[in-house]
Amino acid sequence: MNPSGVLLADAPKLPVPVASGWQLILAFLAGIGVIVVLITVAKLHPFLALIFGALTVGIVAGENLEKVLTSFSDGFGSTAAGVGILIALGAMFAKLLADSGGADEVVDTIVGHASPRALPWAMALVGAIIGLPMFFEIGLVLLMPVIYLVSRRSQLSLVTVGIPALAGLSAMHGFVPPHPGPLTAINLLGADLGLTLALGVAVAIPTIIVAGPLFGKLAGRWVVVAAPDTFAPDEFAARREGPGTALASGEERRLHRPSFGMTMFSVLLPVALMLGKALVDIFIDDKNQWFRITFDVLGTPLVALLIAVIVGIFTLGLGAGMSRSQLTACVESGLPPVAGIILIVAAGGGFKQVLVDSGIGTLLADWAKDVNISVILLAWLLAVLIRLATGSATVATITASSLVLGLVEGLSGSQVSLVVLAVGAGSLFFSHVNDAGFWLVNQYFRLSVGQTIKTWSIMETVLSVTGLVVVLLLGLVI
């Protein structure tokens, strides 16, 4: 039985290849090539690029276009249903965390108790905690005022302080659900979410240490950059104190930040619920026992995140003194920024389904069995190649996961989870000019392209390789 509870004998088999091996490989490369050119050269939105990439795969493989469109629609719908709701709930919670001041409370509490020598380690911890519920881009925007302030106060290079925080954010984005990448890979490969979450945290911790404080110390010597005056101390102080927020009625209400303990409770609640489900599934055999049934429901990702949002409304929103109208505006404003992300993820699922239905996954599985390569290493290599080509960690995760579908059948639950994490590690490899995150870091840190490569790009590579090493070591003992 696989981690999703389906008997392997009853599991659907990968489709028979619709064309010869060379034609399918050509179709795959052509599809990836179209996506790369449209995103990087034509500057087309990835949502549209993925649609054209899927059509290219079908055309070059010689498939009927009606069948290709049906495959794309099926993949789009199933991915949106499985992941889109979770992304939306995660965005709502992240907005509550940011607007209530809870994220600032976590940052100030941890950074305020750190010595100058320990600041990079504290920033890595802050990045990891903030990155647990937040998307990388949101976390980066939220943390930049703090990174500037810490750099000015400590007289350390902006890179020395910032790289550890970026490592914490990026590692959580690549390894730990409910982020879109690992969540999508879990959904595609049928991995156990709670187990993958636990193993993802275990992989992320040593990976963040190596790519964050340790590499950040070297990078800070290579590139010395002072913090800009974008956020002056007085402006930042006013922001921390919670300036009055004008309401629709003209009333102004001054917010106060929730406590550190209450904020951490809110952040870790969905993680605890999902981990609790995994532990109960492992240690309680009786599926009919009320205790297990309860945790099976509460630990379901959708329910866990829904509970987190509802609890966050009380602990973060009302706890910060928000009115009902402010709460409504806060929760609603979290959705528009992730609409594009949901569309890209769903379109990536459609592209995946076209690849799967073409039979290229079957072809690759047969090839991998013949060369006797490790499934974990193969998953990482595929994600690396697609990441380098497209610049998208999400596209790399979706495509690499779909290509190793035929190889995870018969693997234990822990091994499937490690394959998911290997894909996540590969999807982080060497961010460069075709990645939006590259330019985000480039602009916020006021770096040249060369300096961004020497710091951010190499940090991502260290993160990816270290993650793979940790996954392979875990594979030897579980």
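Figure 1. Val449 touches Phe438, Trp439 and Asn442, leaving out residues up to four places away in sequence; a contact here means heavy atoms within 4.5 Å. This is a predicted model, in which local features need pLDDT of at least 70 and side-chain atom pairs count only at pLDDT 80 or more, while totals for chains, interfaces and linings use all residues. Residues are numbered from 1 along each chain as its sequence is written, and side-chain values use heavy atoms, with hydrogens and water left out. Val449 is placed in helix H21; helices (H or I, at least four residues) and strands (E, at least two) are DSSP runs, numbered from the N terminus. With a relative accessibility of 37%, Val449 counts as partly exposed; buried means under 20% relative accessible area, exposed over 50%, and partly exposed in between (1.4 Å probe, protein chains only). The C-alpha atoms of Val449 and His432 are 9.1 Å apart, and the two residues are separated by 17 residues along the chain.

**Figure 2. Thr452 in helix H21.** Helix H21 covers residues 449-477 and includes Thr452. Thr452 is buried, at 0% relative accessibility. Its side chain reaches the backbone oxygen of Ser448 at 2.7 Å. Neighbours within four places in sequence aside, Thr452 contacts Phe438, Asn442, Leu447 and Ser457.

**Figure 3. Aromatic pairs.** The structure holds 7 aromatic pairs. Rings of Phe, Tyr and Trp (its six-membered ring) pair if their centres lie within 6.5 Å; planes under 30 degrees apart count as stacked, over 60 as edge-to-face and the rest as tilted. The pair of Trp290 and Phe291 is edge-to-face, because the ring centres are 5.6 Å apart and the planes stand at 90 degrees. Trp290 is exposed, with a relative accessible area of 61%, whereas Phe291 is partly exposed at 32% relative accessibility. Trp380 and Phe429 also form an edge-to-face pair, with 5.9 Å from centre to centre and 90 degrees between the planes. Trp380 lies in helix H17 (residues 375-390) and Phe429 in the loop between helix H19 (413-426) and helix H20 (436-444), so this pair ties together parts that are 49 residues apart in sequence. Trp380 is buried at 10% relative accessibility, and Phe429 is buried with a relative accessible area of 17%. Elsewhere, ring pairs link Phe47, Phe72 and Phe76 into a cluster.

**Figure 4. Phe175 and the largest nonpolar core.** A nonpolar core is a set of buried Ala, Val, Leu, Ile, Met, Phe, Trp, Tyr and Cys residues joined through side-chain atoms within 4.5 Å. The largest one has 139 residues, and those with the most contacts inside it are Ile147, Leu166, Phe175 and Met459. In the protein chain, buried residues make up 56% of the 478 residues.

**Figure 5. The second largest pocket.** On a 1 Å grid over the protein atoms alone, a pocket is an open set of points where a 1.4 Å probe fits, with protein on both sides within 12 Å along at least five of seven lines; lining residues have an atom within 4 Å of a point. The second largest pocket holds about 820 Å³ of space, a volume being the space filled by probe spheres set on the points, which are joined across faces, edges and corners. This pocket is lined by 32 residues, of which Glu137, Gly391, Ser392, Asp435 and Ala436 are the closest to its centre. Helices that each supply at least two lining residues include H1 (21-40), H6 (136-154), H7 (158-175) and H18 (393-403). H15 gives the largest share of the lining, 4 residues.

Figure 6. Gln155 lies in the loop between H6 and H7 and is exposed, with a relative accessible area of 68%. Although Gln155 is not a glycine, it has a positive phi of about 60 degrees. Ser157 is found in the loop between H6 and H7, but is buried with a relative accessible area of 9%. Ser157 touches Ser151, Gly220, Val223, Val224 and Val225, residues up to four places away in sequence not being counted. Phe430, in the loop between H19 and H20, has a positive phi of about 35 degrees although it is not a glycine. Phe430 is partly exposed, with a relative accessible area of 26%.

Notes:
A polar contact is a pair of N or O atoms within 3.5 Å; within protein, one must be able to donate a hydrogen and the other to accept it, and residues adjacent in sequence count only if both atoms are side-chain atoms.
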